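Work through the exercises below with the sequence and the structure in view. Try each task before reading its solution.

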Amino acid sequence: MTRRPLGPRPDPVPLSNRLLSLFVQAPVFFASTAFFGSLSLAASFFEKDGKLQHRIAQAWARASVAISSCPVTIIGVENLRKHAVAVYACNHLSYMDTPVIFGSLPFQFRIVARHDLWKMPFIGGHLRRSGQVSVNVDNPRASISSLGSAVKTLKSGMPLFIFPEGGRTQTGHPSIFLNGPAFMAIRAQVPMVPMALIGTHELLPIHTNQFYPVPITLAIGEPIETTGYTMRQVDELTARLRDEICRLYYAHSYLPAPEHPSLQAITETSESNV
């Protein structure tokens, strides 16, 4: 397939891409997910630390990216090894974000995800046994409690990954950030590593099921230190994180950077969303 430059996703997607998605990519993707998911589910009954399940997830992720026919370029990979434990935070554009992240980060980590996933049959138990962390963004008190579990995971020496927006963006532009990453990083006194994904929105935006292969970039920024920060500075640290992820994103995207309202004002109006 000829490599195309990153640009707006056409509407509708060309017929050749629709047919390829329908008859080749989608069936192979679901078959691969079922295969690796079954392996990981079986492994979850025999191991307690989740390491084997993570390696299986990495294999699934790399297969998924290969199926999508998208080349992935990683920028700033040297920033991944500057700290043994950190909170890794990235913008959220697409269902394909998770495969790109798992396929790109070359070390063990655990994810922080919405509590809704833990209610699903089989999947919930699987996530729990593999050491992933759930967070309830709908209930402030429950959210604080679940983030406490995330802090314990960090203090045990395991890095965490989170999408601070809490869900996929509709527009391709970064959305409002929740305070969870800053809360966890300050409590555990570990740095945050900002990351930006570019291209996955054009590949497979929310509410679509057709791949449109484009180049994907994962840009990794310098770690943001939290030493000296207090819980009163959660909003300030969240603003720093969002500003850096936006800077990374627009530095490599064809989209122009819009004028964003102050994140301080945003977080003040949604302070319950930690």
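## Exercises on a predicted model

The model used here is predicted. The residues lining the second largest pocket divide into eight nonpolar, three polar and one charged.

**Exercise 1.** Find which residues line the second largest pocket, and state its volume.

*Solution.* 
Step 1. The volume of the second largest pocket is about 240 Å³.
Step 2. The lining consists of A26, F29, F30, Y95, R168, L204, P205, I206, H207, T208, N209 and F211.
Step 3. Sort these residues by type: eight are nonpolar, three polar and one charged.

**Exercise 2.** Determine the order of the strands in the sheet and name the edge strands.

*Solution.* 
Step 1. The open sheet is formed by seven strands, in the order 1-7-6-2-5-3-4, with mixed pairing.
Step 2. Strand 1 (72-75) and strand 4 (133-135) each pair on one side only, and these are the edge strands.
Step 3. From one strand to the next, the twist averages 25 degrees.
Step 4. Helix 3 (residues 97-104) packs on this sheet, touching strand 1, strand 2 (87-90), strand 3, strand 5, strand 6 (192-198) and strand 7. The direction of helix 3 makes about 125 degrees with that of strand 6.

**Exercise 3.** Is T217 buried or exposed, and what does it contact?

*Solution.* 
Step 1. Locate T217: it belongs to strand 7 (residues 216-220).
Step 2. The relative accessible area of T217 is 15%. The cut-off for buried is under 20%, so T217 counts as buried.
Step 3. Apart from neighbours within four places in sequence, the contacts of T217 are T73, I75, A196, L197 and I198.
Step 4. Now take the whole strand. In a regular strand the side chains alternate between the two faces of the sheet. In strand 7, I216, L218 and I220 are buried on one side, and T217 and A219 are buried on the other, so both faces are covered.
Step 5. Five of the five residues of strand 7 are buried, so strand 7 is largely enclosed by the rest of the structure.

**Exercise 4.** Describe the backbone at P12, Q189 and H207.

*Solution.* 
Step 1. The peptide bond that joins D11 and P12 is cis, with omega about 5 degrees. P12 lies in the segment before helix 1 (15-44).
Step 2. Q189 is not a glycine, yet its phi is positive, about 55 degrees. Q189 sits in the loop between helix 6 (180-188) and strand 6, and is partly exposed at a relative accessible area of 39%.
Step 3. H207 is not a glycine either, and its phi is positive at about 70 degrees. H207 lies in the loop between helix 7 (200-203) and strand 7. With a relative accessible area of 68%, H207 is exposed.

Methods:
Residues are numbered from 1 along each chain as its sequence is written. This is a predicted model: local features need pLDDT of at least 70, side-chain atom pairs count only at pLDDT 80 or more; totals for chains, interfaces and linings use all residues. Side-chain values use heavy atoms; hydrogens and water are left out. Helices (H or I, at least four residues) and strands (E, at least two) are DSSP runs, numbered from the N terminus. Buried means under 20% relative accessible area, exposed over 50%, partly exposed in between (1.4 Å probe, protein chains only). Contact means heavy atoms within 4.5 Å. On a 1 Å grid over the protein atoms alone, a cavity is a set of points where a 1.4 Å probe fits but cannot get out, and a pocket is an open set with protein on both sides within 12 Å along at least five of seven lines; lining residues have an atom within 4 Å of a point. Grid points are joined across faces, edges and corners, and a volume is the space filled by probe spheres set on the points. Ala, Val, Leu, Ile, Met, Phe, Trp, Tyr, Cys and Pro count as nonpolar, Asp, Glu, Lys and Arg as charged, and the others, Gly among them, as polar. Two strands pair if DSSP finds at least two bridges between them. Axes are lines fitted to C-alpha atoms, for helices over the stretch in contact, and angles run from 0 to 180 degrees between N-to-C directions.
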